[in-house]
Amino acid sequence: MRAFKAELSKLFSLPGIWLASFIGAFAPAVIAAMDSTAQKEEIIAGVSTRLAEVGYIGLVYGVQGVILLGVLAVSSEYMTESSESGGGQQIITSLTVVSSRLHFLLAKAGAVTVISILLCIVAIMTTVSATHLILGEYTPALEWSKLIGAVCYWTFTALLAFGITILTKNGIIPLTVLLINSSLVSFSFLLSKITKLAFYLPDIAGADMFMSLGFNTPFTGGLIMSIWVAVLFIVAAIVFHRRDVAA
């Protein structure tokens with residue numbers, strides 16, 4: 001628990017975490033507001049076909065905040081400090097204080113999980129408020145099961161970003177790939193046009209926990225994404241355990 005509290009403190013000391021929190025908390029509401037405006041026009045015209053998905057769209061694209069969180073949690077450990085501070089890396093100090101590398105990873109993953117859950121809860125509140133403000137009486141009822149699925153989706157996505165960054169030690173690659181895939185062009189979605197195996201990729205399967213994007217049920221989608229997270233974490237833990245952190 002001491003290591004967990006220390007990791008929470010370290011995360012909140014990073015300027016980038018506050019940017020991640022801002023994006024995670026308010027980007028979904030902005031996206032949901034734009035989508036609600038478009039849907040209101042379709043409702044008035046009597047041609048709306050996806051009113052039930054309004055709001056959840058924002059939660060799909062607003063996941064960038066927790067991606068940034070998961071990446072920064074690891075990449076900050078490998079940033080070279082200023083010459084005044086000795087020019088070393090935080091990871092050396094962290095592993096000196098927490099002798100067990102597994103405990104260190106579990107504490108950091110726990111901190112990322114807690115913050116991701118809190119961020120998603122705030123995002124749900126801002127999204128619901130924005131949607132209701134625009135749609136009013138047309139606001140669709142949100143299902144608790146889908147909201148729980150959205151929380152799981154955000155948490156698993158943050159842990160995927162966390163695990164990938166452990167393998168790369170650098171945040172540029174996971175940030176570039178994950179942010180582009182979750183915002184501009186979804187490589188998984190494009191791949192799903194070629195093969196149905198793409199529906200077993202973590203982002204599509206995870207979104208099925210609260211959206212009807214593929215052929216997975218919410219439970220199956222959650223199970224698939226959790227397996228991806230578990231396998232990646234095991235691989236990352238093995239690599240991290242054998243790695244020379246000074247290299």
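Reply: Buried means under 20% relative accessible area, exposed means over 50%, and partly exposed lies in between, with a 1.4 Å probe and protein chains only. This is a predicted model, in which local features need pLDDT of at least 70 and side-chain atom pairs count only at pLDDT 80 or more, while totals for chains, interfaces and linings use all residues. Residues are numbered from 1 along each chain as its sequence is written, and side-chain values use heavy atoms, with hydrogens and water left out.

Me: Is V66 buried or exposed, and where does V66 lie?

Reply: V66 has a relative accessible area of 0%, so V66 is buried. Its place is in helix 4 (residues 64-75); helices are DSSP runs (H or I, at least four residues), numbered from the N terminus. The C-alpha atoms of V66 and T155 are 7.6 Å apart, although 89 residues separate the two along the chain.

Me: How many cavities of 30 Å³ or more does the structure hold?

Reply: A cavity is a set of points, on a 1 Å grid over the protein atoms alone, where a 1.4 Å probe fits but cannot get out; lining residues have an atom within 4 Å of a point. Points are joined across faces, edges and corners, and the volume is the space filled by probe spheres set on them. Here there are two cavities of 30 Å³ or more.

Me: Which residues line the largest cavity?

Reply: Its lining is V74, E77, Y78, I91, F104, L105, K108, I166 and F240. Helix 6 (residues 101-135) gives the largest share, three residues. For residue classes, Ala, Val, Leu, Ile, Met, Phe, Trp, Tyr, Cys and Pro count as nonpolar, Asp, Glu, Lys and Arg as charged, and the others, Gly among them, as polar. The lining of the largest cavity has seven nonpolar, no polar and two charged residues.

Me: Which element gives the most to the lining of the second largest cavity?

Reply: Helix 6 does, with three residues. The lining residues include G55, Y56 and L59, and the classes are six nonpolar, two polar and no charged.

Me: Where is L167, and how exposed is L167?

Reply: L167 is in helix 7 (residues 144-168). L167 counts as partly exposed because its relative accessibility is 34%.

Definitions and conventions:
Helices (H or I, at least four residues) and strands (E, at least two) are DSSP runs, numbered from the N terminus. On a 1 Å grid over the protein atoms alone, a cavity is a set of points where a 1.4 Å probe fits but cannot get out, and a pocket is an open set with protein on both sides within 12 Å along at least five of seven lines; lining residues have an atom within 4 Å of a point.
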